[in-house]
Amino acid sequence: MSPYLIPADRDRLGRSDRPLTVVADGVSVPGVHGQTLATVLLAAGRDQWRTARDGGRRGVFCGIGVCFDCVATVNGVPDVRLCRRPARDGDTIISQSRAERSER
Ligand code: FES
């Protein structure tokens, strides 16, 4: 597998980008079908969306669903791993904070 993006007009399999839009903390972010929610955010230049208990900012660490560093609330469901969740048009992502939870 090549790490390089194949332009849609040169893709031998005929794949073409199908755009989608997600909303992350109230901001519309464009992506394409086939991306995970984490890759949509990373491609938009956003690499942190969770606050750890010690106040540290988190985003993708392992990228394969093991570390849970990338969790956020998606469509009202908390603790969704964005590196594993395929992006769907209209998804709403809200950043999470462990600091807030430890105060409860
Ligand atoms: S980055 Fe490790 S579970 Fe998502």
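Reader: With which side chain does the side chain of aspartate 91 make a polar contact?

Author: In this predicted model, aspartate 91 belongs to the loop that lies between strand E6 (77-81) and strand E7 (92-94). At 2.8 Å, its side chain makes a polar contact with the side chain of arginine 85.

Reader: Is aspartate 91 buried or exposed?

Author: Not counting residues up to four places away in sequence, aspartate 91 touches Thr21, Val22, Val23, Leu37, Val74, Asn75, Arg85 and Pro86. Buried means under 20% relative accessible area. Aspartate 91 has a relative accessible area of 3%, so this residue is buried.

Reader: Which element supplies the largest share of the largest nonpolar core?

Author: The largest nonpolar core has 17 residues, and Val22, Val29, Leu37, Leu41, Trp49, Leu82 and Ile93 have the most contacts inside it. Strand E1 (19-24), helix H1 (37-43) and strand E5 (71-74) each supply at least two of its residues. The largest share, 4 residues, comes from H1.

Reader: Which residues are in contact with leucine 82, leaving aside its neighbours within four places in sequence?

Author: Leucine 82 is among the core residues with the most contacts inside the core. With those sequence neighbours left aside, leucine 82 is in contact with Thr36, Leu37, Ala38, Leu41, Trp49, Cys70, Ala72, Val74 and Ile93.

Reader: Which strands stand at the edges of the open sheet of 3 strands?

Author: The order in this sheet is E4-E3-E8, with mixed pairing. E3 (residues 50-51) and E8 run parallel and are joined by 2 bridges, and arginine 50 stands opposite glutamine 96 in E8. Two strands have a single partner each, so one side of each is left without a neighbour in the sheet: strand E4 (57-58) and strand E8 (96-97).

Key:
Residues numbered from 1 in each chain as written. Predicted model: local features only at pLDDT ≥ 70, side-chain atom pairs only at ≥ 80, totals over all residues. Heavy atoms only, no water. Core = buried A, V, L, I, M, F, W, Y, C linked by side-chain atoms within 4.5 Å. Buried < 20%, exposed > 50% of the residue type's maximum accessible area, 1.4 Å probe, protein only. Contact = heavy atoms within 4.5 Å. Polar contact = N/O pair within 3.5 Å; in protein donor to acceptor, adjacent residues only side chain to side chain. Pairing = 2+ DSSP bridges.
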